[in-house]
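These notebook entries record what I looked up in the structure. I began with the sheet and then turned to the helices.

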Amino acid sequence: MSEKELNKLGATLWGIANDLRGAMNADDFRDYMLSFIFLRYLSDNYENAVKKELGSDYQDNLGHWYDKNRDDIVDFEKQMRRKVHYVVKPEYLWSSISEMARKQDNELLHTLQSGFKYIENESFESSFLGLFSEINLDSEKLGKNYTVRNEMLCKIITKIADGISKFSTDTDILGDAYEYLIGQFAAGSGKSAGEFYTPQQISNILSEIVTLDSQDPSSGKKKKLDKVFDFACGSGSLLLNVRKQLGNHGIGKIYGQEKNITTYNLARMNMLLHGMKNNEVEIFHGDSLLNDWELLRETNPAKQIKFDAIVANPPFSLRWEPNEAMGEDFRFKNYGLAPKSAADFAFLLHGFNFLAQDGTMAIILPHGVLFRGGAEERIRTKLLKDGNIDTVIGLPSNLFFSTGIPVCILVIKKCKKSEDVLFINASSSDNFEKGKRQNKLLPEHIQKIVDTYQFRKEEERYSRRVSMEEIEKNDFNLNISRYISTNIEEKEIDLKKVNSELREIEEKIKISKNEHNQFLKDLGLELLS
């Protein structure tokens, strides 16, 4: 499917969402709609495999085969678990559910509840466990009683089925449509969207940077990354963007962590919708600041898991409550704790601890991390003295759905060749497109940022390589305006020349005025003074 067709499908589904959600909160409706698209994906993928497996024995639907071959069902499902790793009963397939919706079947809601429970608990061992835990089909948000809720579900599912039926049935397309809708719902959700979505334009910058060779970015992209990590992965879009840069087989395994249960489930669905197998991805529900993922709790540095690339868009200036014991946490003890008022550096240090020696981390943070004092100044100073801050990229304000503040991207490395720090000021008006509600980075703006980083280019009022000596003279303050002036030098004016030109003009005015007054005198009219 072309990008034009994909945008059309996305717009069709988004139009359905807007038509049907009424007064329902965008976040709530998002969870219902995306769950149904996920069910459609699972069903299509499963039915395609079933058709191949059964061959000529498969007629118009799987239900008929089950009715005729009851004694073979157990063996058949074992075989399907080996082939596609999961099973969906005929009555829970999208084709059956959408047909019930079309007929306004009063049992649709009950069937959906049973289907979601079956998929979570029986379809695929533990991989789908809790996947629909936040989808409450009994919620009054769908209607005040069972009948109204059932009618609403019939309407939503019928509209989705009709909307999708006009496009290609390729299962890969549903993954792209899911991503499109996540972005649209993020825009519609406003402030709350920061919890789960990084705008695609910014995601592109991070993913391109971390896939370049860390020691010599000018040599181009790495051919393969063994492990990629996002410790605040939201819906997983940023991780998928890194994967897109290197192709489906360019990453050994993707790791993500997400604190919000609803968003965690969105990420799991997103990975599956993009065809990622169980051994290719691991998403953990937990709090990165508390480091409650057993995988990351190894205290022996020699045994700790390390990642070739880390990308992150953590919550900006999150208030947190570190206790005394955290001061001895292996992630923080060499740097000190970030202040309670802003966990930005706590997130950065968490990721940095798990970065491989030749890896690259790109993290989005508020500008305050560049210049705030106290504990943050001490952490920033140590990172600079140790040669870990490679690049500082200033972005325009109002790029995010969740905040209007300008943000920066810090590129962090444990081992880097260049002894200077590259500053990129991409926030001036000629480096983005201004919009009514949201500013936007166009492809050429994104490419300029990536090229500047890749080849460490210097350009007046845009980018500059700054020595550690100069940074030290500025007390390790990384405020971009200290190093890159955006002022346009005023053109020198030759006052003697201007004075001469004004005298000439004045003389011409005098001559013209005398000529005009002569005409007025001849006509008997009042002269100009």
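**Entry 1: the model.** I note at the outset that this is a predicted model.

**Entry 2: the sheet as a whole.** I looked up the strand order and found an open sheet of nine strands, arranged as β3-β2-β1-β4-β5-β7-β6-β8-β9. The pairing within this sheet is mixed. The edges are formed by β3 (281–285) and β9 (463–466), each of which pairs on one side only. On average, neighbouring strands are turned by 15 degrees against each other, direction ignored. I recall that strands of a sheet pair through backbone hydrogen bonds, either parallel or antiparallel.

**Entry 3: strand β6.** Is strand β6 buried or exposed? I found six of the six residues of β6 (residues 389–394) to be buried, so the strand is largely enclosed by the rest of the structure. The cut-off for buried that this reasoning needs is under 20% relative accessible area.

I then looked up the partners of β6. With strand β7 (residues 407–412), β6 runs antiparallel, and five bridges join the two. Here G394 has C408 of β7 as its bridge partner. With strand β8 (residues 421–425), β6 runs parallel, joined by four bridges. On that side I recorded F423 of β8 as the bridge partner of V392.

**Entry 4: strands β1 and β4.** Strand β1 (residues 225–230) pairs with strand β4 (residues 307–312) in the parallel sense, over two bridges. I noted that V228 is bridged to A309 in β4.

**Entry 5: a helix across the sheet.** Which strands does helix α12 lie across? I found that α12 (residues 344–353) lies across β1, β4, β5 (355–366) and β7. Its direction is at about 160 degrees to β5.

**Entry 6: helices α2 and α7.** Two packed helices are described by the angle between their axes and the distance between the axes. The crossing of α2 past α7 is right-handed.

Which residues meet in this contact? From α2 I listed F29, M33, F36 and R40. From α7 I listed M152, L153, I156, I157, I160 and I164. By class, the contact of α2 with α7 has nine nonpolar residues, no polar residues and one charged residue.

Notes: Residues are numbered from 1 along each chain as its sequence is written. This is a predicted model: local features need pLDDT of at least 70, side-chain atom pairs count only at pLDDT 80 or more; totals for chains, interfaces and linings use all residues. Side-chain values use heavy atoms; hydrogens and water are left out. Buried means under 20% relative accessible area, exposed over 50%, partly exposed in between (1.4 Å probe, protein chains only). Two strands pair if DSSP finds at least two bridges between them. A crossing is left-handed if the near helix is turned anticlockwise from the far one by less than a right angle, and right-handed if clockwise. Contact means heavy atoms within 4.5 Å. Ala, Val, Leu, Ile, Met, Phe, Trp, Tyr, Cys and Pro count as nonpolar, Asp, Glu, Lys and Arg as charged, and the others, Gly among them, as polar. Axes are lines fitted to C-alpha atoms, for helices over the stretch in contact, and angles run from 0 to 180 degrees between N-to-C directions.
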